[in-house]
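Here is a short report for a reader meeting this structure for the first time. Please look at the sequence and the model, then read on.

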Amino acid sequence: MIKVAPSILAADLARLGAEVEEIRAAGADYVHFDVMDGAFVPNISMGIPVLKSLRKATDMFLDAHLMVARPLRYVEQFCAAGADLVNVHVEADSEKKLLDALERIRRQGKKTGVTLKPGTPAEAILPYLDLVDLVLVMTVEPGFGGQRFMEDMLPKIRTIRGWIEERGLCCELEVDGGVDAGTAPLCIAAGANVLVAGSAVFGKEDRAAAIRLIRGEEI
Ligand code: DX5
Ligand code: ZN
């Protein structure tokens, strides 16, 4: 099943609760929560207090994408704040520290994810692949919404889907960046099953139609 995860980075954050209620009613599967620390990426977005408030406002699945250096320092706080899945970048720390971070997330009863930046080869996922619930392939340089989809990431998505199949894992494969009704079919064909979309959902008047188009359904 193809899932759509609208990124609230593109929402009207002054009315976050209402925006999330709207995408829930419009058929979204997950809420994608982008955390940027101004160090791992050249931008700052939102963090733990916002997640905590959002948790009180919705029972939707909250997918926290930590674009944060040395995420081991914060993963437990994101779990406690109410994330359902905490996703760390493979570039953000050493393998040992990241394995520790994933273990701490699991111990809190939450799902785990690892993310690859566009310049990072698919192989970088291998130390974590058997352990995580989700792999995220970035299809833009992380840091900003509204960028152009990088088609040259499609082979990476295909490679990782192949490994998931070969090993019989039930790990989800998510894509993030520049996903819209035009690029979503390419991601799905390459093997992605969770599609993050910021501007392509929140930038549209009719969010239900936008979500259905991204999922590849007739409207
Ligand atoms: C980028 C973020 C994305 C972003 C996607 O660093 O991780 O989740 O919000 O936005 P769009 O869909 O507009 O490219
Ligand atoms: Zn993201």
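Is E172 buried or exposed? E172 counts as buried because its relative accessibility is 13%. Buried means under 20% relative accessible area, exposed means over 50%, and partly exposed lies in between (1.4 Å probe, protein chains only).

## About the model

This is a predicted model, in which local features need pLDDT of at least 70 and side-chain atom pairs count only at pLDDT 80 or more, while totals for chains, interfaces and linings use all residues. Residues are numbered from 1 along each chain as its sequence is written, chains are lettered from A and ligands numbered from 1 in the order in which they are written, and side-chain values use heavy atoms, with hydrogens and water left out.

E172 sits in strand β7, residues 172–176. Helices (H or I, at least four residues) and strands (E, at least two) are DSSP runs, numbered from the N terminus.

The side chain of E172 has a polar contact of 2.8 Å with the side chain of K3. It also has one of 3.1 Å with the side chain of N193. A polar contact is a pair of N or O atoms within 3.5 Å; within protein, one must be able to donate a hydrogen and the other to accept it, and residues adjacent in sequence count only if both atoms are side-chain atoms.

## The ligand and its shell

Which residues come nearest to ligand 1? Of the 20 residues around the ligand, they are D34, G143, D176, G198 and S199. A residue is near a molecule if one of its heavy atoms lies within 4 Å of it. The shell divides into 8 nonpolar, 10 polar and 2 charged residues. Here Ala, Val, Leu, Ile, Met, Phe, Trp, Tyr, Cys and Pro count as nonpolar, Asp, Glu, Lys and Arg as charged, and the others, Gly among them, as polar.

Three strands, β2 (30–36), β3 (61–67) and β8 (194–197), each supply at least two residues of the shell. Strand β2 gives the most, with 3 residues.

## Contacts and cover

Oxygen atoms of ligand 1 have protein atoms beside them. A polar side-chain atom of S199 lies 2.3 Å from one ligand oxygen. For G198, a backbone N or O atom lies 2.7 Å from a ligand oxygen. For G146, the backbone distance to a ligand oxygen is 2.9 Å. The protein covers 99% of the 380 Å² of accessible area that ligand 1 has on its own. Accessible areas come from the Shrake-Rupley method with a 1.4 Å probe.

## Residues in the loops

T58 is found in the loop between α2 (48–57) and β3. T58 counts as buried, because its relative accessibility is 13%. A polar side-chain atom of T58 lies 3.0 Å from the backbone nitrogen of M60.

T139 lies in the loop between β6 (134–138) and α5 (154–167). At 0% relative accessibility, T139 is buried. The C-alpha atoms of T139 and L116 are separated by 9.3 Å, and the two residues are 23 residues apart along the chain.

A122 is in the loop between β5 (111–116) and β6. A122 is buried too, at 8% relative accessibility.

## A positive phi

R70 lies in the loop between β3 and α3 (75–81). What is the phi of R70 near? The value is near 45°, positive in a residue other than glycine. Most residues other than glycine have a negative phi. R70 is partly exposed, with a relative accessible area of 46%.
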